[in-house]
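Welcome! This short tour is for anyone opening the model for the first time. Have a look around, then read on.

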Amino acid sequence: MNRKERQKKFKIGIEYLQQTGLNLIVQTSVSKLVFKPGSIIENKEEETLSLPYTVKKHLGGIYNLSETLRKRYQVSTEVDLQRLVRICAILITDFNGPDSDDTPKILFKSLRTFMREKSNHTGWEIVIALQTLDNILGFRKQRKFTEYYNLAGILNTHFNIWKELEAFSTFTIDDL
């Protein structure tokens, strides 16, 4: 999917993100908390991601977070991973408000529902959303497909976004 097709597909989510920003937003009964890149919630040592960052796959092997995507998306903590899931959820589900529903609980649930009911269980939608984030951030050059796929797998491993039915490696780029 090229840049223009992604812009059209995710138009509603892109417009919402332009209004609200790319930070993680948590609504409390008293106020709205905004977590910028590098934010932590409780414990810096426990929430800071290791360098290099790898996660075991559900089906064997590992996912590696490329250094380029780590820097591009400013990912250094677990909160940053949540921030990426928020962005992907908004793009994929065409979320456009209300702001009171812009919470991890609601957005992650909507994304999981979408992935369960409308996806091919490979993370393809997350990969496309991450490539769209590149466009939002002003990056013209796309990275290797495997870098986005690995990051999508990391997000899935942390937040159970979709249930992997079979190894992604059984698909070819032409199949997608």
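The expected span of a helix is 1.5 Å times one less than its number of residues. Keep that in mind for the first stop. Please note also that this is a predicted model.

**Helix α8**

Helix α8 covers residues 145-159, which makes 15 residues. From its first C-alpha to its last, α8 reaches 21 Å, close to the 21 Å expected at 1.5 Å a residue.

Is α8 largely enclosed or left open by the rest of the structure? Because 12 of its 15 residues are buried, α8 is largely enclosed. The buried residues are F145, E147, Y148, Y149, N150, L151, A152, G153, I154, L155, N156 and F159.

T146 and V127 are 19 residues apart in sequence, and their C-alpha atoms are 9.3 Å apart in space. V127 itself is one of the buried residues of α7, the next helix to visit.

**Helix α7**

The 14 residues of α7 should span 20 Å at 1.5 Å a residue, and this agrees with its end C-alpha atoms, which are 20 Å apart. Helix α7 is mostly covered, with 11 of its 14 residues buried. These are E125, I126, V127, I128, A129, L130, Q131, T132, L133, D134 and N135. Their cover includes α1 (3-9), α2 (11-20), α4, α5, α6 and α8.

**Where α5 meets α7**

How do α5 and α7 lie relative to each other: parallel or perpendicular? The two helices pack at an angle of about 100°, with their axes 9 Å apart. Angles of 65 to 115 degrees count as roughly perpendicular, and α5 and α7 are therefore roughly perpendicular to each other. By class, this contact has 10 nonpolar residues, one polar and one charged. From α5 come L84, I87, C88, L91 and I92, which meet E125, I126, A129, L130, T132, L133 and I136 in α7.

**The nonpolar core**

The largest nonpolar core has 43 residues, and among them Y73, I126, L155 and I161 touch the most other members. At least two residues of this core are supplied by each of α2, β3, β4, α5, α6, α7 and α8. Which element gives the largest share of this core? That is α5, with nine residues.

Leaving out residues up to four places away in sequence, L155 touches L81, L84, V85, I126, N160 and I161. L155 is one of the buried residues of α8, and L84 and I126 also take part in the meeting of α5 with α7.

**Backbone details**

Most residues other than glycine have a negative phi, and most peptide bonds are trans. The table gathers some places to look at with that in mind.

| Site | Feature | Value |
|---|---|---|
| L51 to P52 | cis peptide bond | omega about -15° |
| G97 to P98 | cis peptide bond | omega near 5° |
| D94 | positive phi | phi near 55° |
| N160 | positive phi | phi near 50° |
| G138 | positive phi | phi near 90° |

Where do these sites sit? P52 lies in the loop between α3 (44-47) and β3. P98 is found in the loop between α5 and α6, and D94 is found in the loop between α5 and α6 as well. At 33% relative accessibility, D94 counts as partly exposed. N160 belongs to the segment after α8, while G138 follows α7.

**One more loop**

The last stop is N120, in the loop between α6 and α7. Is N120 buried or partly exposed? With a relative accessible area of 35%, N120 is partly exposed. N120 and I40 are 80 residues apart along the chain, and their C-alpha atoms are separated by 33 Å.

Conventions: Residues numbered from 1 in each chain as written. Predicted model: local features only at pLDDT ≥ 70, side-chain atom pairs only at ≥ 80, totals over all residues. Heavy atoms only, no water. Helix = DSSP H or I, 4+ residues; strand = E, 2+ residues; numbered from the N terminus. Buried < 20%, exposed > 50% of the residue type's maximum accessible area, 1.4 Å probe, protein only. Contact = heavy atoms within 4.5 Å. Axes fitted to C-alpha atoms, helices over the stretch in contact; angles between N-to-C directions. Parallel < 35°, antiparallel > 145°, perpendicular 65-115°, else oblique. Nonpolar A, V, L, I, M, F, W, Y, C, P; charged D, E, K, R; others polar. Core = buried A, V, L, I, M, F, W, Y, C linked by side-chain atoms within 4.5 Å.
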